[in-house]
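The following questions and answers examine a protein chain and the spaces inside it. Please keep the sequence and the structure in view while reading.

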Amino acid sequence: MPAHGDCTSGHQHGHGHGNDHDHNHTDDTEPALQTLIWKQIDFENIRTLNESESDQGAKIVEKTWPQRLDAEPKLVSDADEQLLMFIPFTGVVKLHSVLIRSSEDSSAPKTLKLFSNRDDLDFSTASDLQPTQTLELSQTSEIQDIPVKRTLFGNTYNLILFIEDNFGDEVTRVYWIGIKGEFSLLNREAVEVLYEKAANPKDHTLIQGVGDLASQGTKHGM
């Protein structure tokens, strides 16, 4: 596997938005929809490193439940098989599980590392740091609904998904990503604290990562 530098290195990585229901759905066959987070994802500030085309990551998250099996849009990695995606929420999520649809071939992601409430990671730091939780994925085109340890994700206002490897292909392909959990709005004081934390220079090292991309709104590889 090639070594990952920061986002300004020669080994460049491209970068690139659910609702809690208490009532029964008569038109939905999947009970998963009762805890599917979608409207509360901040789609405009999703950032993905090493995507082959800009905003692919945001587009697959923005797919609705009925669109989850659509072949397009899809997220394809660029320089190698790794992907790093930053997903912010508009409030606090008690995360229950991550849903993903990929492929039956060797481009399917294998190891998915989750980081809660971090906006300062790039591939180097994501590889070195202990993740909040590591999930092992299957080589399938079926929807995978992988539970997380809820005690570790009780107050999540953003989530980083680090796809570390796949089943042997040079690139990784993902067709849909979903989030299940419970959502609650942030009050103004909490929002101010989060913004102050994000703006703290101590939280941003010299390495440019997903947090820098989110604040700049720029795309990597340009």
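Helices (H or I, at least four residues) and strands (E, at least two) are DSSP runs, numbered from the N terminus. This is a predicted model, in which local features need pLDDT of at least 70 and side-chain atom pairs count only at pLDDT 80 or more, while totals for chains, interfaces and linings use all residues. Residues are numbered from 1 along each chain as its sequence is written, and side-chain values use heavy atoms, with hydrogens and water left out.

Q: What pLDDT does the protein chain average?
A: pLDDT is the predictor's confidence in each residue, from 0 to 100. A score of at least 70 is reached by 68% of the residues, and the chain average is 80.

Q: Which strand supplies the largest share of the lining of the largest cavity?
A: A cavity is a set of points, on a 1 Å grid over the protein atoms alone, where a 1.4 Å probe fits but cannot get out; lining residues have an atom within 4 Å of a point. Leu83, Leu84 and Met85 are among the lining residues. Both S4 and S8 supply at least two residues. The largest share, 3 residues, comes from S4.

Q: Which strand gives the most to the lining of the second largest cavity?
A: Trp176, Ile177, Gly178 and Ile179 are among the residues that line this cavity. At least two lining residues come from each of strand S1 (36-37) and S10. With 4 residues, the strand that gives the most is S10.

How values were computed:
1 Å grid on protein atoms, 1.4 Å probe; cavity = no way out; pocket = protein on both sides within 12 Å on 5 of 7 lines; lining within 4 Å.
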